[in-house]
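Please read the points below with the model open beside them. They are meant for someone who has not looked at this structure before.

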Amino acid sequence: MKEKRKKLAKQSRWYRKTHRFIAMPLVVFMFILGATGLLLTWKDEFHFKPPSQKALNQELELISLDSIQAIAVNYVTLQNLSSEINRIDYRPNKGMAKVRFEYHFTEIQIDCYSGAILSDKIRTADLIEMIHDGSILDYLFGNQSKPFKLFYSTITSLGLILLAFTGFWLWLKPKQIKMKKRSN
């Protein structure tokens, strides 16, 4: 019986060393993941994304998507920002379109009836999301294939899985040792 306890204790020490070996290099990544995940959870309460505006006058006819694109490109060009559009979120029921850009975090909301700019804000939530998933480095270095995001996400995910596994055994092994002691 004493041999079984020694074996359990040895296994427990191995799991503890493995747990520490994995945790120490990943502590920064886990902190970033946790902090940015918390911020993303609360992004609406902290107003990290611009609130959706409504059209000023919905009695007119909707303008074309090409017109919305031209208005957005003209607007950011006048501000000396890149005019490459990432996406247009078209919301005809609200009478507005949100235009987001590829190389900066500006969001312009355009009235789909009059073409007026309803809002021009920075989407802080997008920046936080890029930090959260590791794609911020790909963005900064201009990588299209997202190697930093893949590396960061893979290492962090595998590390968390291994920490959960070794953490479970670190919890279980002392209980097993105590049970073996009681049975003697």
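1. Basis of the note. This is a predicted model, in which local features need pLDDT of at least 70 and side-chain atom pairs count only at pLDDT 80 or more, while totals for chains, interfaces and linings use all residues. Residues are numbered from 1 along each chain as its sequence is written, and side-chain values use heavy atoms, with hydrogens and water left out.

2. Confidence. The average pLDDT (the predictor's confidence in each residue, from 0 to 100) is 89 for the chain, and 98% of the residues score at least 70. Helices (H or I, at least four residues) and strands (E, at least two) are DSSP runs, numbered from the N terminus.

3. Helices α1 and α5. Helix α1 covers residues 2-41 and helix α5 residues 147-183; they pack at an angle of about 150 degrees, and their axes are 7 Å apart. That angle makes α1 roughly antiparallel to α5. Axes are lines fitted to C-alpha atoms, for helices over the stretch in contact, and angles run from 0 to 180 degrees between N-to-C directions. Angles under 35 degrees count as roughly parallel, over 145 as roughly antiparallel, 65 to 115 as roughly perpendicular and the rest as oblique.

4. Handedness and make-up of that contact. α1 and α5 cross in a left-handed sense; a crossing is left-handed if the near helix is turned anticlockwise from the far one by less than a right angle, and right-handed if clockwise. The contact of α1 with α5 has 20 nonpolar, nine polar and six charged residues. Here Ala, Val, Leu, Ile, Met, Phe, Trp, Tyr, Cys and Pro count as nonpolar, Asp, Glu, Lys and Arg as charged, and the others, Gly among them, as polar.

5. Helices α1 and α3. α1 also packs with helix α3 (residues 124-133), at an angle of about 150 degrees and with the axes 9 Å apart. This makes α1 roughly antiparallel to α3. The crossing of α1 with α3 is left-handed.

6. Aromatic pairs. How many aromatic pairs does a search of the whole structure find? The search gives 11. Rings of Phe, Tyr and Trp (its six-membered ring) pair if their centres lie within 6.5 Å; planes under 30 degrees apart count as stacked, over 60 as edge-to-face and the rest as tilted. The pair of Phe165 and Trp169 is edge-to-face, because the ring centres are 6.2 Å apart and the planes stand at 70 degrees. Phe168 and Trp171 form a tilted pair, with 5.8 Å from centre to centre and 40 degrees between the planes.

7. Phe165 and Trp169 are both in helix α5, four residues apart, or about one turn of the helix. Phe168 and Trp171 are three residues apart in helix α5, so about one helical turn separates them. Phe165 is partly exposed at 43% relative accessibility, and Phe168 is partly exposed at 40%. Buried means under 20% relative accessible area, exposed over 50%, partly exposed in between (1.4 Å probe, protein chains only). Ring pairs join Trp14, Tyr15, Phe165, Phe168, Trp169 and Trp171 in a cluster.

8. Positive phi angles. Asn80 is not a glycine, yet has a positive phi of about 60 degrees. Asn80 belongs to the loop between α2 and β1 (85-91), and counts as exposed at 72% relative accessibility. Lys146, also a residue other than glycine, has a positive phi near 60 degrees. Lys146 is in the loop between α4 (135-141) and α5, and is partly exposed at 34%.

9. Contacts across the sequence. Ser82 lies in the loop between α2 and β1; the C-alpha atoms of Ser82 and His104, 22 residues apart along the chain, are separated by 7.4 Å. Phe105, in the loop between β2 (96-101) and β3 (106-111), is buried at 19% relative accessible area. Lys43 is in the loop between α1 and α2. From C-alpha to C-alpha, Lys43 and Ala125 are 6.5 Å apart in space and 82 residues apart in sequence.
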